[in-house]
Amino acid sequence: YIGHFTPAGAKIVPPGPDGKRIAGGYEFFYNGWEASEFAKGTYVRGEAKYKNLMPTSRKGCLDVAELKKLGMNKERLNDPLFFYQLLFPLCEPSKSGIAGDKRMPYHTQTAAHTNTYAAAEGGGVGYGHEWKPVSTIEMIKWEGIPIRHGSLDGKPGTHYARWLANDKRHDPVIAENFNYTRYLEVKRMFKLNNNDKEKKRGEEGYDPCNKYDYIYKVLVSNMNNVTKKADRDGCIDETTWGHSGYCGEVGGRLLKKKVDKGGQTTMIFDISNRYPRGYVHRHKLSNKPPGFNQQGPAEIYHLMNQLDDLTIGNPSTKTSLYNSVQRENVEYDMKQVYDGPIHITADNHFSGEHVLDHAGGKGYGMTLTNRRDRFPKDTKNHLHHEKVEANSKRSKVARFNNPIVAVKEVAATATKKAFTKTIVSFQSTGATNIAGVNNLLSARLYS
């Protein structure tokens with residue numbers, strides 16, 4: 001006799017002398033689980049409970065006073081351009097005429113960076129194609145073209161057809177507002193940064209993502225600027241951009257994505273409205289903190305540091321950048337939009353017990369799918385981890401069993417808060433494991 005096993009390979013933990021089933025420091029439950037007083041004390045999801053997982057009290061809201069100050073009124077509620085310019089200002093905010101306009105500039109910066117790059121490349125000196133400096137208004141129109149094209153069909157191969165008068169894909173709005181030759185000229189020179197002010201490869205502080213970081217920086221900063229309170233639940237995932245050319249340290253081959261080559265950026269969003277709150281670019285030179293050698297967990301670590309900076313009560317931070325209109329370095333406040341550690345969801349790329357320990361010790365909650373190679377030590381054999389036969393009657397019956405719940409309560413220390421780790425293991429169409437910290441009050445078969 002070896003033991004009792006589920007179809008997905010979970011071996012039942014035998015009871016000890018005290019009747020508890022312990023393996024790897026976790027206590028295992030097989031007939032459902034209800035939180036102890038300790039676990040209730042570490043729970044971070046407030047009013048969320050069984051049958052009400054996302055109460056309205058967890059939702060954030062925009063800053064009405066800030067929106068009104070920036071020009072919001074009843075007529076502009078259905079104006080997409082107004083909302084766009086809240087995040088990507090059409091003019092230099094310090095020249096907007098609005099007192100206390102704290103937004104980070106965008107179009108004025110891209111126009112300046114584009115002209116600077118064009119001059120460095122010899123544009124306008126009389127050789128080759130004539131270069132006419134691009135204005136902010138022209139930059140706004142230029143950057144609007146891919147947005148409009150994307151709303152039509154978004155296919156790279158049909159882009160040029162927007163200017164063909166006899167083509168059914170012709171778009172008069174694009175064609176009448178921007179000459180195709182000029183569009184290509186600006187496209188060749190477009191820049192989001194000033195290369196002369198960036199650290200070079202090999203220098204301390206070099207950022208391989210400096211060519212595209214600015215649009216993310218502006219998006220997140222200005223989104224937080226018009227927010228009064230962010231959601232208390234956030235979702236982390238990566239966004240992918242395709243590029244078939246040389247990617248350097250910032251990209252390469254991608255697996256199981258819509259594009260097979262390119263780069264990625266990991267971002268955290270509110271779950272209610274998908275408002276972005278923070279980001280970490282994925283690249284080969286990224287700093288991995290001690291104990292966080294895997295890509296996903298290291299990115300979680302850095303994102304949590306950003307969330308700490310956005311939490312009321314912690315020291316506030318500023319972002320410094322050279323403002324091309326003001327012609328000096330300007331500091332922009334990072335508005336704090338959280339009133340405490342939040343609950344975060346993510347997929348198994350970001351999982352690991354060290355992630356739960358780090359998050360729990362800081363007071364955060366997390367819910368993640370768990371990779372089969374990242375189970376806590378000495379627990380894998382007691383959790384669902386093997387493939388099952390889809391048409392097996394035994395496998396189908398196992399779907400109606402209570403989940404296996406493994407729980408570990410960790411006391412507070414001088415530097416870390418108390419926290420409760422859980423692993424909920426069940427068999428759906430295959431073995432499924434949900435790891436979490438400070439995230440559950442109960443777990444049982446849904447009914």
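I call a residue buried under 20% relative accessible area, exposed over 50%, and partly exposed in between, with a 1.4 Å probe and protein chains only. This is a predicted model, where local features need pLDDT of at least 70, side-chain atom pairs count only at pLDDT 80 or more, and totals for chains, interfaces and linings use all residues. Residues are numbered from 1 along each chain as its sequence is written, and side-chain values use heavy atoms, with hydrogens and water left out.

**Entry 1: methionine 54**

I looked up methionine 54. Its relative accessibility is 57%, so it counts as exposed. Methionine 54 sits in the loop between helix H1 (37-42) and strand S4 (61-62). I take helices (H or I, at least four residues) and strands (E, at least two) as DSSP runs, numbered from the N terminus. Leu53, Met54 and Ile271 make a nonpolar surface patch of about 300 Å². A patch takes residues with over 30% relative accessible area and no salt bridge; nonpolar side chains (Val, Leu, Ile, Met, Phe, Trp, Tyr) are joined within 5 Å, like charges within 9 Å. A salt bridge is a side-chain nitrogen of Lys or Arg within 4 Å of a carboxyl oxygen of Asp or Glu.

**Entry 2: positive phi**

Most residues other than glycine have a negative phi. I found lysine 51 with a positive phi, near 70°. Lysine 51 is in the loop between H1 and S4. Its relative accessible area is 66%, so lysine 51 is exposed. Arginine 274 also has a positive phi, near 60°. Arginine 274 lies in the loop between strand S8 (261-270) and strand S9 (276-281). It is exposed because its relative accessible area is 69%.

**Entry 3: helix H8**

Is H8 mostly covered or mostly open? I found 10 of its 13 residues buried, so by the cut-off above H8 is mostly covered. Among the buried ones are Tyr214, Tyr216, Val218 and Met223. H8 covers residues 213-225 and reaches 18 Å from first C-alpha to last, close to the 18 Å expected. The expected span is 1.5 Å times one less than the number of residues.

**Entry 4: the largest pocket**

The largest pocket has a volume of about 1,300 Å³. Its lining counts 37 residues, and Phe190, Leu192, Lys211, Tyr212 and Trp241 lie nearest its centre. Helix H5 (136-152), helix H7 (180-189), H8 and strand S6 (233-242) each give two or more residues to this lining. H5 gives the most, with four. On a 1 Å grid over the protein atoms alone, a pocket is an open set of points where a 1.4 Å probe fits, with protein on both sides within 12 Å along at least five of seven lines; lining residues have an atom within 4 Å of a point.

Notes: Accessible areas come from the Shrake-Rupley method with a 1.4 Å probe; for residues, only the protein chains shown count as cover. Grid points are joined across faces, edges and corners, and a volume is the space filled by probe spheres set on the points.
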